[in-house]
Amino acid sequence: MVKLNIGNNLTIIPGVRYEDSDNNYSSSISFATGPYGQIGNINDTTTFQKYGELFPHLHIKYKPKDWFDVRASYSKTIARPDYNFLTPRAQINQSSLDIEAGNPVLRPSLSTNYDLFFTFFKQGIGLLTIGGFRKDIVDTFIPRSIILSTPEIAAANNWEGFSGYNLDSYTNLQESEVYGIEIDIQSNLALLPMPFSGFVFNFNYAKLFSTTEVFFLTSETTFGGGFPPVPIITFTENVRNVAMPSQAPDIFRMSIGYDYKSFSARVSGSFQGTKARSYSLNKDFDSSDLEFWRWDASAKQRFGKNWSIFLNLENITNQQDIGFIRNQDFINSIV
């Protein structure tokens, strides 16, 4: 990384990072038959994943006024799948023809990011930041269920010899994008007389838009001429343009607090809009996580130079995570 100061108003920070990953994953593949899965065997297995990525970054800050600056950045970042997604574990039910498995060839997700933000600030009043961002993402990873309906489809999903099975695993999406705007306000009432001067505020809101493609395989059986009729199965790949899974369209965070001498207290709330969890060929069977508000509180009292007492209260309204299918009338999980 290099930091270049050009005059008093312009700062340019270019940089680059290289990461190399070399991992071994050991697990087991179990085979079960019988009505209760009482017959079967377990085989140990090990897989390997090795890759390297280069991550460039460029940050530019221009400050034409003491109370105003513009910041722009370009970067490339990575998100790696959960360990449970990657391990070569598999449970194969040879009676029901079901496979539940990890995906050892699942790729990490790479994002190219662009940001532009404007910041206004004044001593004793606070700070206002407003800007926009865009992320172009490849290989987003999501859970997926698929029928290995032909030997070719089974082989393409690394399950050669298991055609006819139902596979619950994980896959990469091709290309996705996320873009939106963000507003952040940090302020206090320090210019007012006591007791109002102790109040502090922080508000942050992000509006996000996202798009990606999900693929589904459907089959249609027709019968050819002659006797007896010969069944002909035709497979069709279907595409849906949807919002990215696990990407909330609205995120709002706020904090209201009070500081007086050695005492400080905060009440904070966060809102997250309804977001998709997984998609089906028929949108009526899409699953989602319901929007929610979550509230926390904290307090701190300092005694002299060396001692402090903290009180932290999390989720004081006992907000639960609620999942549903189709709409809020069809709740399928409460955590």
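In the predicted model, strand 5 and strand 6 form a hairpin with four residues between them. Leu 97, in the turn of this hairpin, has a positive phi of about 60°. Strand 5 covers residues 90–93 and runs antiparallel to strand 6, to which four bridges join it. Gln 91 has Glu 100 of strand 6 as its bridge partner. The side chains of strand 6, residues 98–101, alternate between two faces.

Strand 4 (residues 68–79) pairs with strand 7 (residues 109–122) in the antiparallel sense, over twelve bridges. Within this pair, Ser 73 is opposite Asp 115 of strand 7. Strand 7 is likewise antiparallel to strand 8, with 13 bridges between them. Lys 122 stands opposite Gly 126 in strand 8. Strand 7 and strand 8 form a hairpin with three residues between them, and Gly 124 in its turn has a positive phi of about 90°.

Phe 133 belongs to strand 8, which spans residues 126–138. Phe 133 counts as buried because its relative accessibility is 11%, below the 20% limit for that class. Beyond its neighbours within four places in sequence, Phe 133 is in contact with Tyr 114, Asp 115, Phe 117, Val 178, Tyr 179, Gly 180, Ile 181, Glu 182, Lys 207 and Leu 208. Asp 115, one of these contacts of Phe 133, is also the residue opposite Ser 73. Ile 181 is 48 residues from Phe 133 in sequence, with a C-alpha to C-alpha distance of 6.4 Å.

Pro 249 is located in the loop between strand 13 and strand 14, the latter comprising residues 250–260. Its relative accessible area is 28%, so Pro 249 is partly exposed. Neighbours within four places in sequence aside, the contacts of Pro 249 are Ala 206, Lys 207, Leu 208, Gly 273 and Thr 274. Pro 249 and Pro 229 are 20 residues apart in sequence, and their C-alpha atoms are 52 Å apart in space.

The largest pocket has a volume of about 880 Å³. Its lining consists of 30 residues, of which Arg 144, Ser 145, Ile 146, Phe 215 and Phe 216 are the closest to the centre. The elements giving two or more residues to this lining are strand 9 (141–147), helix 2 (151–156), strand 10 (166–172), strand 12 (199–223), strand 13 (231–242) and strand 16 (275–278). By residue class, the lining contains 16 nonpolar, nine polar and five charged residues.

Several backbone features lie in loops. Most residues other than glycine have a negative phi, and most peptide bonds are trans. A cis peptide bond, with omega of about 5°, joins Met 194 and Pro 195. Pro 195 lies in the loop between strand 11 (175–188) and strand 12. Asn 315 is not a glycine but has a positive phi of about 50°, and Asn 318, also not a glycine, has a positive phi of about 55°. Asn 315 is placed in the loop between strand 19 (307–313) and strand 20 (322–325), and Asn 318 lies in the loop between strand 19 and strand 20 as well. Asn 315 counts as buried because its relative accessibility is 18%, whereas Asn 318 counts as exposed at 59%.

At the level of the whole protein chain, there are two helices and 21 strands. The radius of gyration is 27 Å, well over the 20 Å that the globule rule gives for 335 residues, so the chain is more spread out than a compact globule. The C-alpha trace spans about 95 × 50 × 40 Å along its principal axes. Of the 335 residues, 29% count as buried. Among contacts with a separation of 6 or more, 60% are between residues 24 or more positions apart.

Note on methods: Residues are numbered from 1 along each chain as its sequence is written. This is a predicted model: local features need pLDDT of at least 70, side-chain atom pairs count only at pLDDT 80 or more; totals for chains, interfaces and linings use all residues. Side-chain values use heavy atoms; hydrogens and water are left out. On a 1 Å grid over the protein atoms alone, a cavity is a set of points where a 1.4 Å probe fits but cannot get out, and a pocket is an open set with protein on both sides within 12 Å along at least five of seven lines; lining residues have an atom within 4 Å of a point. Grid points are joined across faces, edges and corners, and a volume is the space filled by probe spheres set on the points. Ala, Val, Leu, Ile, Met, Phe, Trp, Tyr, Cys and Pro count as nonpolar, Asp, Glu, Lys and Arg as charged, and the others, Gly among them, as polar. Buried means under 20% relative accessible area, exposed over 50%, partly exposed in between (1.4 Å probe, protein chains only). Two strands pair if DSSP finds at least two bridges between them. The radius of gyration is taken over C-alpha atoms; the globule rule is 2.2 Å times the number of residues to the power 0.38. Contact means heavy atoms within 4.5 Å.
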